[in-house]
Amino acid sequence: MNIFQYPSQPEWAALQQRAAQQQAQDVEQRVQQIFEDVRLRGDAALLDYARQFDGADLAGGLRVGPEELAAAAAQVPAELQTAIRQAHANILRFHKAQVPVEERVETMPGVTCWRRAVPVQRVGLYIPGGSAPLFSTLLMLGVPARLAGCPEIVLCTPPQKDGLVNPIILFTAQLLGITIIVKAGGAQAVAALSGGTDSVPAVDKIFGPGNRYVTAAKQLATRYGVAIDMPAGPSEVLVIADESATPAFVAADLLSQAEHGPDSQVILLSDSLSMLEQTKAEVERQLRELPRAEVAAQALTESRAILLRTPEEMLYFSNQYAPEHLILAVKNPEQLAEGVTNAGSVFLGHLTPEAVGDYASGTNHTLPTNGYARNYSGVSLDSFLKKITFQRLTPEGLLSVGPVVETMAEAEGLRAHARAVTLRLEALAGGKE
Ligand SMILES: NC(=O)c1ccc[n+]([C@@H]2O[C@H](COP(=O)([O-])OP(=O)(O)OC[C@H]3O[C@@H](n4cnc5c(N)ncnc54)[C@H](O)[C@@H]3O)[C@@H](O)[C@H]2O)c1
Ligand SMILES: N[C@H](CO)Cc1c[nH]c[nH+]1
Ligand SMILES: [Zn+2]
(Lines give C-alpha, C1' and ligand atoms only; values in the text may rest on other atoms or scores of the structure.)
(Ligands and ions follow the chains in the order given, each with its own letter.)
Protein backbone atom coordinates (compact mmCIF):
# COMPACT_ATOMS: atom_id res chain seq x y z
CA MET A 1 0.00 0.00 0.00
CA ASN A 2 1.67 3.19 -1.20
CA ILE A 3 1.34 6.47 0.67
CA PHE A 4 0.84 9.63 -1.40
CA GLN A 5 1.35 12.90 0.44
CA TYR A 6 -0.67 15.94 -0.57
CA PRO A 7 -1.06 15.09 -4.26
CA SER A 8 -2.03 18.10 -6.36
CA GLN A 9 -5.51 18.10 -7.93
CA PRO A 10 -4.21 17.21 -11.44
CA GLU A 11 -2.63 14.10 -9.84
CA TRP A 12 -5.95 12.99 -8.36
CA ALA A 13 -7.31 11.51 -11.60
CA ALA A 14 -4.57 8.86 -11.68
CA LEU A 15 -5.14 8.04 -8.01
CA GLN A 16 -8.88 7.69 -8.63
CA GLN A 17 -8.42 5.28 -11.54
CA ARG A 18 -9.69 1.73 -11.06
CA ALA A 19 -7.29 -1.07 -11.92
CA ALA A 20 -10.08 -2.98 -13.62
CA GLN A 21 -10.50 -0.22 -16.23
CA GLN A 22 -7.13 -0.99 -17.76
CA GLN A 23 -8.10 -4.46 -19.01
CA ALA A 24 -11.66 -3.68 -20.00
CA GLN A 25 -11.14 -4.21 -23.74
CA ASP A 26 -9.75 -7.77 -23.56
CA VAL A 27 -12.57 -8.77 -21.26
CA GLU A 28 -15.22 -7.31 -23.57
CA GLN A 29 -13.91 -9.30 -26.55
CA ARG A 30 -13.85 -12.54 -24.58
CA VAL A 31 -17.32 -11.95 -23.22
CA GLN A 32 -18.68 -11.21 -26.67
CA GLN A 33 -17.36 -14.58 -27.93
CA ILE A 34 -18.86 -16.44 -24.99
CA PHE A 35 -22.16 -14.65 -25.46
CA GLU A 36 -22.42 -15.55 -29.14
CA ASP A 37 -21.46 -19.15 -28.42
CA VAL A 38 -24.16 -19.57 -25.77
CA ARG A 39 -26.79 -17.96 -27.93
CA LEU A 40 -25.82 -20.34 -30.75
CA ARG A 41 -25.19 -23.63 -28.92
CA GLY A 42 -27.29 -23.16 -25.74
CA ASP A 43 -26.89 -25.87 -23.07
CA ALA A 44 -23.99 -27.53 -24.93
CA ALA A 45 -21.95 -24.33 -24.59
CA LEU A 46 -22.86 -24.02 -20.89
CA LEU A 47 -21.64 -27.56 -20.27
CA ASP A 48 -18.34 -26.84 -22.07
CA TYR A 49 -17.72 -23.63 -20.11
CA ALA A 50 -18.53 -25.35 -16.80
CA ARG A 51 -15.77 -27.83 -17.64
CA GLN A 52 -13.34 -25.13 -18.81
CA PHE A 53 -13.85 -22.47 -16.11
CA ASP A 54 -15.26 -24.31 -13.12
CA GLY A 55 -13.62 -27.71 -13.66
CA ALA A 56 -17.06 -29.33 -13.34
CA ASP A 57 -18.52 -32.19 -15.33
CA LEU A 58 -22.26 -31.61 -15.39
CA ALA A 59 -23.28 -34.90 -16.94
CA GLY A 60 -26.18 -34.93 -14.45
CA GLY A 61 -27.61 -31.78 -16.02
CA LEU A 62 -27.45 -28.03 -15.57
CA ARG A 63 -30.32 -27.74 -13.10
CA VAL A 64 -30.19 -28.50 -9.38
CA GLY A 65 -32.56 -31.41 -8.83
CA PRO A 66 -34.91 -31.94 -5.85
CA GLU A 67 -32.54 -34.43 -4.13
CA GLU A 68 -29.57 -32.09 -4.24
CA LEU A 69 -31.77 -29.32 -2.84
CA ALA A 70 -33.23 -31.49 -0.10
CA ALA A 71 -29.78 -32.68 1.00
CA ALA A 72 -28.46 -29.15 1.50
CA ALA A 73 -29.78 -28.15 4.94
CA ALA A 74 -28.19 -31.13 6.67
CA GLN A 75 -24.77 -29.88 5.54
CA VAL A 76 -25.22 -26.40 7.03
CA PRO A 77 -24.26 -26.10 10.72
CA ALA A 78 -27.10 -25.03 13.03
CA GLU A 79 -25.25 -21.88 14.13
CA LEU A 80 -24.89 -20.75 10.52
CA GLN A 81 -28.55 -21.52 9.81
CA THR A 82 -29.53 -19.30 12.73
CA ALA A 83 -27.25 -16.49 11.54
CA ILE A 84 -28.69 -16.68 8.01
CA ARG A 85 -32.23 -16.58 9.40
CA GLN A 86 -31.39 -13.48 11.49
CA ALA A 87 -29.80 -11.72 8.50
CA HIS A 88 -32.83 -12.68 6.41
CA ALA A 89 -35.15 -11.12 9.00
CA ASN A 90 -33.15 -7.86 9.13
CA ILE A 91 -32.89 -7.53 5.36
CA LEU A 92 -36.60 -8.27 5.02
CA ARG A 93 -37.45 -5.65 7.62
CA PHE A 94 -35.38 -2.94 5.93
CA HIS A 95 -36.73 -3.75 2.47
CA LYS A 96 -40.36 -4.00 3.68
CA ALA A 97 -40.14 -0.36 4.66
CA GLN A 98 -39.56 0.39 0.95
CA VAL A 99 -42.96 -0.95 -0.17
CA PRO A 100 -44.47 1.91 -2.19
CA VAL A 101 -47.88 3.32 -1.32
CA GLU A 102 -50.37 3.51 -4.17
CA GLU A 103 -51.82 7.00 -4.09
CA ARG A 104 -54.71 8.31 -6.22
CA VAL A 105 -54.30 11.94 -7.21
CA GLU A 106 -57.10 14.10 -8.62
CA THR A 107 -55.15 16.53 -10.80
CA MET A 108 -58.32 18.39 -11.93
CA PRO A 109 -61.93 17.73 -10.93
CA GLY A 110 -62.79 14.33 -12.37
CA VAL A 111 -59.27 13.54 -13.57
CA THR A 112 -57.82 10.78 -11.39
CA CYS A 113 -54.29 9.41 -11.87
CA TRP A 114 -52.47 6.71 -9.95
CA ARG A 115 -49.38 4.56 -10.15
CA ARG A 116 -49.18 0.88 -9.34
CA ALA A 117 -46.03 -1.04 -8.61
CA VAL A 118 -45.97 -4.31 -10.54
CA PRO A 119 -43.18 -6.87 -10.16
CA VAL A 120 -40.77 -7.54 -13.00
CA GLN A 121 -42.19 -10.85 -14.18
CA ARG A 122 -39.07 -12.94 -14.88
CA VAL A 123 -35.87 -12.17 -13.00
CA GLY A 124 -32.44 -13.78 -13.08
CA LEU A 125 -30.27 -13.66 -9.95
CA TYR A 126 -26.54 -14.16 -10.43
CA ILE A 127 -24.79 -15.39 -7.31
CA PRO A 128 -20.97 -15.29 -7.49
CA GLY A 129 -19.27 -18.53 -6.72
CA GLY A 130 -15.86 -18.28 -8.32
CA SER A 131 -13.55 -17.84 -5.39
CA ALA A 132 -16.13 -17.68 -2.59
CA PRO A 133 -19.77 -18.84 -2.69
CA LEU A 134 -21.58 -15.63 -1.74
CA PHE A 135 -24.76 -16.95 -0.16
CA SER A 136 -25.16 -13.53 1.48
CA THR A 137 -25.68 -12.10 -2.02
CA LEU A 138 -28.56 -14.51 -2.50
CA LEU A 139 -30.26 -12.98 0.55
CA MET A 140 -29.64 -9.51 -0.86
CA LEU A 141 -31.32 -10.35 -4.16
CA GLY A 142 -33.80 -13.03 -3.13
CA VAL A 143 -35.42 -11.04 -0.33
CA PRO A 144 -36.46 -8.06 -2.49
CA ALA A 145 -37.36 -10.35 -5.42
CA ARG A 146 -39.77 -12.33 -3.24
CA LEU A 147 -41.08 -9.23 -1.49
CA ALA A 148 -41.81 -7.61 -4.87
CA GLY A 149 -43.69 -10.77 -5.87
CA CYS A 150 -41.69 -11.61 -9.02
CA PRO A 151 -43.47 -14.73 -10.33
CA GLU A 152 -40.41 -16.35 -11.95
CA ILE A 153 -37.02 -16.28 -10.26
CA VAL A 154 -34.07 -18.03 -11.89
CA LEU A 155 -30.89 -18.41 -9.88
CA CYS A 156 -27.55 -18.95 -11.65
CA THR A 157 -24.34 -19.74 -9.81
CA PRO A 158 -21.11 -21.49 -10.81
CA PRO A 159 -20.92 -25.17 -9.85
CA GLN A 160 -18.24 -26.55 -7.55
CA LYS A 161 -15.62 -28.88 -9.04
CA ASP A 162 -17.74 -31.88 -7.95
CA GLY A 163 -20.60 -30.58 -10.11
CA LEU A 164 -22.76 -29.65 -7.12
CA VAL A 165 -23.86 -26.21 -5.95
CA ASN A 166 -22.57 -25.04 -2.59
CA PRO A 167 -25.04 -26.36 0.05
CA ILE A 168 -25.21 -23.01 1.89
CA ILE A 169 -26.40 -21.35 -1.30
CA LEU A 170 -29.00 -24.10 -1.66
CA PHE A 171 -30.10 -23.78 1.97
CA THR A 172 -30.54 -20.02 1.47
CA ALA A 173 -32.46 -20.61 -1.77
CA GLN A 174 -34.82 -22.93 0.12
CA LEU A 175 -35.33 -20.33 2.83
CA LEU A 176 -36.34 -17.91 0.09
CA GLY A 177 -38.51 -20.42 -1.76
CA ILE A 178 -36.40 -20.28 -4.94
CA THR A 179 -36.47 -23.54 -6.86
CA ILE A 180 -35.09 -22.85 -10.37
CA ILE A 181 -31.35 -23.13 -9.78
CA VAL A 182 -28.91 -23.38 -12.68
CA LYS A 183 -25.30 -24.50 -12.45
CA ALA A 184 -23.75 -21.82 -14.62
CA GLY A 185 -21.40 -18.97 -13.83
CA GLY A 186 -19.60 -16.11 -15.51
CA ALA A 187 -20.54 -14.50 -18.80
CA GLN A 188 -22.10 -17.75 -20.01
CA ALA A 189 -24.74 -17.63 -17.25
CA VAL A 190 -25.65 -14.06 -18.15
CA ALA A 191 -25.84 -14.95 -21.85
CA ALA A 192 -28.13 -17.88 -21.05
CA LEU A 193 -30.42 -15.73 -18.91
CA SER A 194 -30.65 -13.12 -21.64
CA GLY A 195 -31.67 -15.45 -24.45
CA GLY A 196 -32.77 -18.66 -22.75
CA THR A 197 -31.54 -22.21 -23.43
CA ASP A 198 -33.23 -25.58 -22.97
CA SER A 199 -32.35 -25.55 -19.24
CA VAL A 200 -32.33 -21.82 -18.54
CA PRO A 201 -35.47 -19.73 -18.88
CA ALA A 202 -34.93 -16.31 -20.46
CA VAL A 203 -35.59 -13.42 -18.09
CA ASP A 204 -36.57 -9.75 -18.31
CA LYS A 205 -33.98 -8.41 -15.88
CA ILE A 206 -30.67 -9.72 -14.56
CA PHE A 207 -29.43 -8.92 -11.08
CA GLY A 208 -26.30 -9.54 -9.13
CA PRO A 209 -22.64 -8.78 -8.76
CA GLY A 210 -19.75 -10.70 -10.18
CA ASN A 211 -16.25 -10.42 -11.52
CA ARG A 212 -15.32 -8.41 -14.59
CA TYR A 213 -16.63 -11.10 -16.97
CA VAL A 214 -20.04 -11.11 -15.32
CA THR A 215 -20.20 -7.32 -15.24
CA ALA A 216 -19.21 -6.97 -18.90
CA ALA A 217 -21.74 -9.66 -19.88
CA LYS A 218 -24.54 -7.88 -18.04
CA GLN A 219 -23.80 -4.76 -20.02
CA LEU A 220 -23.85 -6.76 -23.23
CA ALA A 221 -27.20 -8.30 -22.22
CA THR A 222 -28.81 -4.86 -22.37
CA ARG A 223 -28.22 -4.88 -26.15
CA TYR A 224 -30.58 -7.87 -26.31
CA GLY A 225 -33.44 -6.05 -24.61
CA VAL A 226 -32.75 -7.39 -21.12
CA ALA A 227 -32.54 -4.92 -18.25
CA ILE A 228 -29.89 -5.10 -15.54
CA ASP A 229 -29.77 -3.82 -11.99
CA MET A 230 -26.48 -1.94 -12.40
CA PRO A 231 -22.80 -2.57 -13.08
CA ALA A 232 -21.78 -4.22 -9.77
CA GLY A 233 -18.21 -5.39 -10.27
CA PRO A 234 -15.13 -5.91 -8.12
CA SER A 235 -15.66 -4.67 -4.56
CA GLU A 236 -14.33 -1.33 -3.36
CA VAL A 237 -14.07 0.62 -0.16
CA LEU A 238 -12.86 4.13 0.55
CA VAL A 239 -12.17 5.01 4.17
CA ILE A 240 -11.91 8.56 5.46
CA ALA A 241 -10.08 8.38 8.78
CA ASP A 242 -9.05 11.24 11.03
CA GLU A 243 -6.77 10.99 14.06
CA SER A 244 -9.68 9.69 16.19
CA ALA A 245 -9.77 6.44 14.18
CA THR A 246 -8.25 3.15 15.34
CA PRO A 247 -5.62 1.95 12.82
CA ALA A 248 -6.41 -1.73 13.50
CA PHE A 249 -10.12 -1.18 12.74
CA VAL A 250 -9.37 0.78 9.57
CA ALA A 251 -6.88 -1.85 8.41
CA ALA A 252 -9.43 -4.61 8.96
CA ASP A 253 -12.03 -2.67 6.96
CA LEU A 254 -9.60 -2.18 4.07
CA LEU A 255 -8.64 -5.84 4.08
CA SER A 256 -12.27 -6.96 4.25
CA GLN A 257 -12.81 -5.64 0.73
CA ALA A 258 -9.31 -6.43 -0.54
CA GLU A 259 -9.88 -10.12 0.22
CA HIS A 260 -12.81 -10.31 -2.22
CA GLY A 261 -10.64 -10.53 -5.32
CA PRO A 262 -7.34 -9.49 -6.86
CA ASP A 263 -9.15 -6.65 -8.64
CA SER A 264 -10.84 -5.26 -5.52
CA GLN A 265 -9.75 -1.72 -4.76
CA VAL A 266 -9.29 -0.03 -1.40
CA ILE A 267 -8.43 3.59 -0.71
CA LEU A 268 -7.58 5.28 2.55
CA LEU A 269 -7.76 9.05 2.97
CA SER A 270 -6.54 10.84 6.06
CA ASP A 271 -5.46 14.28 7.19
CA SER A 272 -2.97 12.62 9.54
CA LEU A 273 0.27 11.11 8.23
CA SER A 274 0.67 9.14 11.42
CA MET A 275 -2.78 7.54 10.87
CA LEU A 276 -1.76 6.50 7.34
CA GLU A 277 1.53 5.03 8.50
CA GLN A 278 0.04 3.16 11.45
CA THR A 279 -2.77 1.78 9.30
CA LYS A 280 -0.31 0.66 6.62
CA ALA A 281 1.68 -1.21 9.27
CA GLU A 282 -1.54 -2.79 10.60
CA VAL A 283 -2.58 -3.84 7.10
CA GLU A 284 0.74 -5.62 6.63
CA ARG A 285 0.45 -7.29 10.04
CA GLN A 286 -3.18 -8.42 9.66
CA LEU A 287 -2.63 -9.53 6.08
CA ARG A 288 -0.31 -12.30 7.24
CA GLU A 289 -3.14 -13.81 9.31
CA LEU A 290 -5.65 -14.06 6.48
CA PRO A 291 -6.44 -17.31 4.71
CA ARG A 292 -6.94 -15.27 1.52
CA ALA A 293 -3.72 -13.28 2.01
CA GLU A 294 -2.57 -13.86 -1.55
CA VAL A 295 -5.75 -12.44 -3.07
CA ALA A 296 -5.78 -9.47 -0.69
CA ALA A 297 -2.09 -8.78 -1.28
CA GLN A 298 -2.70 -8.62 -5.02
CA ALA A 299 -5.56 -6.16 -4.52
CA LEU A 300 -3.36 -4.08 -2.24
CA THR A 301 -0.86 -3.49 -5.04
CA GLU A 302 -3.49 -1.18 -6.58
CA SER A 303 -4.59 0.36 -3.30
CA ARG A 304 -3.67 3.84 -2.10
CA ALA A 305 -3.22 5.71 1.17
CA ILE A 306 -3.50 9.42 0.54
CA LEU A 307 -2.70 12.34 2.79
CA LEU A 308 -5.00 15.31 2.24
CA ARG A 309 -5.43 18.57 4.11
CA THR A 310 -8.97 18.81 5.47
CA PRO A 311 -12.16 16.75 5.95
CA GLU A 312 -13.74 18.82 3.15
CA GLU A 313 -10.92 17.95 0.76
CA MET A 314 -11.22 14.25 1.63
CA LEU A 315 -14.96 14.35 1.00
CA TYR A 316 -14.41 16.12 -2.31
CA PHE A 317 -11.95 13.39 -3.37
CA SER A 318 -14.40 10.67 -2.30
CA ASN A 319 -17.33 12.23 -4.15
CA GLN A 320 -15.21 12.36 -7.30
CA TYR A 321 -14.15 8.72 -6.89
CA ALA A 322 -17.74 7.60 -6.08
CA PRO A 323 -16.87 4.49 -4.04
CA GLU A 324 -19.11 1.48 -3.69
CA HIS A 325 -18.64 1.67 0.10
CA LEU A 326 -17.61 4.72 2.08
CA ILE A 327 -16.55 4.47 5.72
CA LEU A 328 -16.45 7.70 7.73
CA ALA A 329 -14.07 6.83 10.58
CA VAL A 330 -14.03 10.36 11.97
CA LYS A 331 -15.00 12.27 15.09
CA ASN A 332 -18.15 13.74 13.62
CA PRO A 333 -19.41 11.32 10.96
CA GLU A 334 -23.00 12.61 10.83
CA GLN A 335 -21.80 16.04 9.81
CA LEU A 336 -19.46 14.69 7.12
CA ALA A 337 -22.17 12.34 5.84
CA GLU A 338 -24.34 15.35 5.00
CA GLY A 339 -21.90 16.21 2.21
CA VAL A 340 -21.82 12.76 0.56
CA THR A 341 -23.10 13.00 -3.00
CA ASN A 342 -21.61 9.90 -4.66
CA ALA A 343 -21.35 6.54 -2.85
CA GLY A 344 -23.16 3.20 -2.89
CA SER A 345 -23.52 2.80 0.88
CA VAL A 346 -22.08 4.80 3.78
CA PHE A 347 -20.90 3.53 7.19
CA LEU A 348 -20.70 6.08 9.98
CA GLY A 349 -18.38 6.09 12.97
CA HIS A 350 -15.79 3.81 14.51
CA LEU A 351 -18.19 0.99 15.42
CA THR A 352 -19.83 0.50 12.03
CA PRO A 353 -17.64 -1.83 9.96
CA GLU A 354 -18.59 -2.19 6.32
CA ALA A 355 -18.88 -5.94 6.93
CA VAL A 356 -22.18 -5.46 8.79
CA GLY A 357 -23.76 -4.12 5.62
CA ASP A 358 -22.28 -7.01 3.66
CA TYR A 359 -24.15 -9.53 5.78
CA ALA A 360 -26.76 -8.60 8.24
CA SER A 361 -27.59 -5.00 9.21
CA GLY A 362 -30.43 -4.94 6.68
CA THR A 363 -29.18 -2.71 3.85
CA ASN A 364 -28.45 -4.24 0.46
CA HIS A 365 -24.87 -5.10 -0.44
CA THR A 366 -25.38 -5.21 -4.21
CA LEU A 367 -24.00 -1.80 -5.01
CA PRO A 368 -22.59 0.16 -7.95
CA THR A 369 -18.82 -0.06 -8.39
CA ASN A 370 -16.32 1.47 -10.80
CA GLY A 371 -17.62 5.01 -10.30
CA TYR A 372 -21.21 4.11 -11.18
CA ALA A 373 -22.28 5.38 -7.76
CA ARG A 374 -22.34 8.71 -9.59
CA ASN A 375 -25.46 7.66 -11.46
CA TYR A 376 -26.87 4.42 -10.00
CA SER A 377 -28.32 3.36 -6.65
CA GLY A 378 -27.74 -0.02 -5.07
CA VAL A 379 -30.30 -2.80 -5.35
CA SER A 380 -33.51 -2.23 -3.41
CA LEU A 381 -37.12 -3.38 -3.56
CA ASP A 382 -37.62 -0.78 -6.27
CA SER A 383 -35.19 -2.60 -8.56
CA PHE A 384 -37.68 -5.48 -8.81
CA LEU A 385 -40.72 -3.31 -9.45
CA LYS A 386 -42.03 -1.40 -12.44
CA LYS A 387 -44.41 1.46 -11.90
CA ILE A 388 -47.37 1.52 -14.25
CA THR A 389 -49.50 4.64 -14.36
CA PHE A 390 -53.30 4.54 -14.66
CA GLN A 391 -55.93 7.22 -15.15
CA ARG A 392 -59.68 7.60 -15.47
CA LEU A 393 -61.83 10.60 -16.38
CA THR A 394 -65.40 11.32 -15.42
CA PRO A 395 -67.54 13.56 -17.69
CA GLU A 396 -66.50 16.44 -15.47
CA GLY A 397 -62.86 15.41 -15.94
CA LEU A 398 -63.15 15.38 -19.74
CA LEU A 399 -64.80 18.81 -19.64
CA SER A 400 -62.00 20.22 -17.50
CA VAL A 401 -58.87 18.75 -19.12
CA GLY A 402 -60.21 18.19 -22.66
CA PRO A 403 -59.91 21.80 -23.93
CA VAL A 404 -56.34 21.99 -22.59
CA VAL A 405 -55.41 18.93 -24.64
CA GLU A 406 -57.20 20.20 -27.76
CA THR A 407 -55.27 23.47 -27.64
CA MET A 408 -51.89 21.80 -27.10
CA ALA A 409 -52.46 19.11 -29.76
CA GLU A 410 -53.48 21.69 -32.39
CA ALA A 411 -50.33 23.69 -31.55
CA GLU A 412 -48.19 20.60 -32.15
CA GLY A 413 -49.99 20.00 -35.44
CA LEU A 414 -51.38 16.65 -34.22
CA ARG A 415 -55.00 16.87 -35.30
CA ALA A 416 -55.89 13.24 -34.48
CA HIS A 417 -54.88 13.79 -30.86
CA ALA A 418 -57.18 16.80 -30.66
CA ARG A 419 -59.98 14.91 -32.36
CA ALA A 420 -59.79 12.05 -29.82
CA VAL A 421 -60.91 14.64 -27.29
CA THR A 422 -63.24 16.72 -29.47
CA LEU A 423 -65.36 13.73 -30.53
CA ARG A 424 -65.94 12.80 -26.92
CA LEU A 425 -66.71 16.36 -25.87
CA GLU A 426 -69.28 16.54 -28.70
CA ALA A 427 -70.78 13.24 -27.58
CA LEU A 428 -71.05 14.58 -24.05
CA ALA A 429 -72.71 17.76 -25.31
CA GLY A 430 -75.15 15.66 -27.35
CA GLY A 431 -75.98 13.64 -24.24
CA LYS A 432 -74.44 10.38 -25.56
CA GLU A 433 -72.36 9.58 -22.46
N1 LIG B 1 -20.46 -4.90 -6.23
C2 LIG B 1 -21.09 -5.72 -5.45
O3 LIG B 1 -22.17 -5.44 -4.97
C4 LIG B 1 -20.46 -7.06 -5.14
C5 LIG B 1 -21.05 -7.94 -4.21
C6 LIG B 1 -20.47 -9.19 -4.00
C7 LIG B 1 -19.33 -9.56 -4.73
N8 LIG B 1 -18.79 -8.67 -5.61
C9 LIG B 1 -17.64 -9.04 -6.46
O10 LIG B 1 -18.03 -10.19 -7.18
C11 LIG B 1 -16.85 -10.81 -7.65
C12 LIG B 1 -16.96 -12.33 -7.55
O13 LIG B 1 -16.02 -12.85 -8.43
P14 LIG B 1 -15.64 -14.39 -8.52
O15 LIG B 1 -14.63 -14.50 -9.60
O16 LIG B 1 -15.31 -14.89 -7.18
O17 LIG B 1 -16.98 -15.12 -8.93
P18 LIG B 1 -17.94 -14.99 -10.19
O19 LIG B 1 -19.04 -15.96 -9.95
O20 LIG B 1 -18.31 -13.59 -10.46
O21 LIG B 1 -17.09 -15.48 -11.43
C22 LIG B 1 -16.74 -16.82 -11.63
C23 LIG B 1 -16.86 -17.14 -13.09
O24 LIG B 1 -16.03 -16.27 -13.86
C25 LIG B 1 -15.76 -16.87 -15.09
N26 LIG B 1 -14.35 -16.71 -15.46
C27 LIG B 1 -13.28 -16.85 -14.67
N28 LIG B 1 -12.14 -16.66 -15.39
C29 LIG B 1 -12.52 -16.42 -16.66
C30 LIG B 1 -11.82 -16.16 -17.88
N31 LIG B 1 -10.50 -16.10 -17.94
N32 LIG B 1 -12.55 -15.95 -19.01
C33 LIG B 1 -13.89 -15.98 -18.98
N34 LIG B 1 -14.60 -16.25 -17.86
C35 LIG B 1 -13.93 -16.46 -16.71
C36 LIG B 1 -16.08 -18.33 -14.94
O37 LIG B 1 -17.16 -18.65 -15.74
C38 LIG B 1 -16.47 -18.51 -13.48
O39 LIG B 1 -17.55 -19.39 -13.32
C40 LIG B 1 -15.69 -10.26 -6.85
O41 LIG B 1 -14.95 -9.42 -7.73
C42 LIG B 1 -16.38 -9.44 -5.75
O43 LIG B 1 -15.62 -8.34 -5.39
C44 LIG B 1 -19.33 -7.46 -5.83
N1 LIG C 1 -18.60 -6.64 -0.13
C2 LIG C 1 -19.39 -7.29 -1.15
C3 LIG C 1 -20.02 -6.23 -2.01
O4 LIG C 1 -19.08 -5.46 -2.63
C5 LIG C 1 -20.49 -8.16 -0.61
C6 LIG C 1 -20.09 -9.32 0.22
C7 LIG C 1 -20.57 -10.58 0.20
N8 LIG C 1 -19.96 -11.28 1.16
C9 LIG C 1 -19.13 -10.49 1.78
N10 LIG C 1 -19.17 -9.31 1.19
ZN1 LIG D 1 -17.63 -7.87 1.30
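Helix H6 (residues 135-148) lies across S4, S5 and strand S7 (205-207) and runs at about 165° to S4. Axes here are lines fitted to C-alpha atoms, for helices over the stretch in contact, with angles from 0 to 180 degrees between N-to-C directions. Helices (H or I, at least four residues) and strands (E, at least two) are DSSP runs numbered from the N terminus. This is a predicted model, in which local features need pLDDT of at least 70 and side-chain atom pairs count only at pLDDT 80 or more, while totals for chains, interfaces and linings use all residues. Residues are numbered from 1 along each chain as its sequence is written.

The strands under discussion belong to an open sheet of five, ordered S6-S5-S4-S7-S8 with parallel pairing; two strands pair if DSSP finds at least two bridges between them. At the edges are strand S6 (180-183) and strand S8 (227-228), each pairing on one side only. Strand S4 (residues 122-126) and strand S5 (residues 152-157) run parallel and are joined by five bridges. Arg122 has Glu152 of S5 as its bridge partner.

A pair of helices comes next. The axes of helix H3 (residues 43-54) and helix H8 (residues 186-195) come within 9 Å and cross at roughly 160°. H3 and H8 are therefore roughly antiparallel to each other, a term for angles over 145 degrees. On the H3 side, the contact (C-beta atoms, placed from the backbone, within 7 Å) is made by Ala45, Leu46, Tyr49 and Phe53, and on the H8 side by Gly186, Gln188 and Ala192.

Note on methods: Chains are lettered from A and ligands numbered from 1 in the order in which they are written. Angles under 35 degrees count as roughly parallel, over 145 as roughly antiparallel, 65 to 115 as roughly perpendicular and the rest as oblique. Two residues are in contact if their C-beta atoms, placed from the backbone, lie within 7 Å.
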